[in-house]
Amino acid sequence: EVQLVESGGGLVQAGGSLRLSCASSGFTFDDYSIGWVRLAPGREREGVSCIRISDGSLWYSDFVKGRFTVSRDKAKNTVYLEMDNLEPEDTAVYYCAADGSGNLCGEYDYWGQGTQVTVSS
């Protein structure tokens, strides 16, 4: 059974930090890219960041560059999203998703259940 389980969300003040984790199982971790996607009320789904597990290639959206850092731990089949200098506009449900196409994220095969991040001003 494929599972992607996010954790680490919560409530933080503007300027603070959170680290999200995405623990995966049930598929060959090294064959996938793992992306972070967020969804906020009244806004369209936004791609946040992505990492290709095999070679560590990275992608960040313009609105998180310099503030967020994505990394992976192959031994733990886990991807992390370190979020620093958080802004109220970062408030959303954050999902991790797995793309097995070989591309640096785009069409996702599997999704996690999401974790809420709330940034207060």
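This passage describes the surroundings of R38 and the salt bridges of the structure. The model is predicted, so that local features require pLDDT of at least 70 and side-chain atom pairs count only at pLDDT 80 or more, while totals for chains, interfaces and linings use all residues. Residues are numbered from 1 along each chain as its sequence is written, and side-chain values use heavy atoms, with hydrogens and water left out.

R38 is placed in strand β4, residues 33–39, where strands are DSSP runs of E with at least two residues, numbered from the N terminus. With a relative accessibility of 3%, R38 is buried, the classes being buried under 20% relative accessible area, exposed over 50% and partly exposed in between, for a 1.4 Å probe and protein chains only. The side chain of R38 makes a polar contact of 2.9 Å with that of D90 and another of 2.9 Å with that of Y94; a polar contact is a pair of N or O atoms within 3.5 Å, of which, within protein, one must be able to donate a hydrogen and the other to accept it, residues adjacent in sequence counting only if both atoms are side-chain atoms.

Eight salt bridges are counted, each defined as a side-chain nitrogen of Lys or Arg within 4 Å of a carboxyl oxygen of Asp or Glu. Among them, K74 pairs with D30 at 3.0 Å between the closest N and O atoms; K74 lies in the loop between β7 and β8 and D30 in the loop between β3 and β4, so the pair ties together parts 44 residues apart in sequence. K65 and D62, joined at 3.4 Å, are both exposed.

Key:
Helix = DSSP H or I, 4+ residues; strand = E, 2+ residues; numbered from the N terminus.
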